[in-house]
Amino acid sequence: MSQTISDKLFTIRFKCDKVSHLTIKDRDVCIRCTTKDCNFFCPADVYEWDKKQKLTTVAFENCIECGTCRIACPSDNIEWVYPKGGYGMSFKMG
Ligand code: SF4
Ligand code: SF4
């Protein structure tokens, strides 16, 4: 039986810091962004445009550290650093 992405993500463990390792640099840039690419390229659904508050929410606790958002935001508006030592993701298997 083939595994879904959700099945595979279930094999990852997270230890969350209280402070986000992902930062939106400039909220106004997101307001002007017409494509909201971050809502689509992140495999862990970390970014979501909140229409009401007019900001990009960042669920950094779900980040699997793939690094895509370092290069994929068309306006280079996401600051990405590795989580502090001892925090972040680890694999249950392999
Ligand atoms: S983070 Fe980048 S892709 Fe996402 S809404 Fe802001 S400017 Fe657009
Ligand atoms: S590093 Fe990957 S998983 Fe983490 S927020 Fe960026 S795109 Fe999503």
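Where does lysine 54 lie? Lysine 54 sits in the loop that runs between β3 and β4. This is a predicted model, in which local features need pLDDT of at least 70 and side-chain atom pairs count only at pLDDT 80 or more, while totals for chains, interfaces and linings use all residues. Residues are numbered from 1 along each chain as its sequence is written, chains are lettered from A and ligands numbered from 1 in the order in which they are written, and side-chain values use heavy atoms, with hydrogens and water left out.

- Strands are DSSP runs of E with at least two residues, and helices are runs of H or I with at least four, numbered from the N terminus.
- Strand β3 covers residues 47-50 and strand β4 covers residues 55-58; they pair in the antiparallel sense over 4 bridges (two strands pair if DSSP finds at least two bridges between them).
- Tyrosine 47 has valine 58 in β4 as its bridge partner.
- The two strands, β3 and β4, form a hairpin with 4 residues between them.

**Positive phi angles**

- Most residues other than glycine have a negative phi.
- Lysine 54 has a positive phi, near 55°, and is partly exposed at 46% relative accessibility (buried means under 20% relative accessible area, exposed over 50%, partly exposed in between, with a 1.4 Å probe and protein chains only).
- Aspartate 45 also has a positive phi near 55°; it lies in the loop between α3 (38-41) and β3 and is exposed at 57%.

**Cysteines**

- The structure holds 0 disulfides (a disulfide is a pair of cysteine sulfur atoms within 2.5 Å).
- Cysteine 33 is buried, at 18% relative accessible area, and cysteine 38 is buried at 11%.
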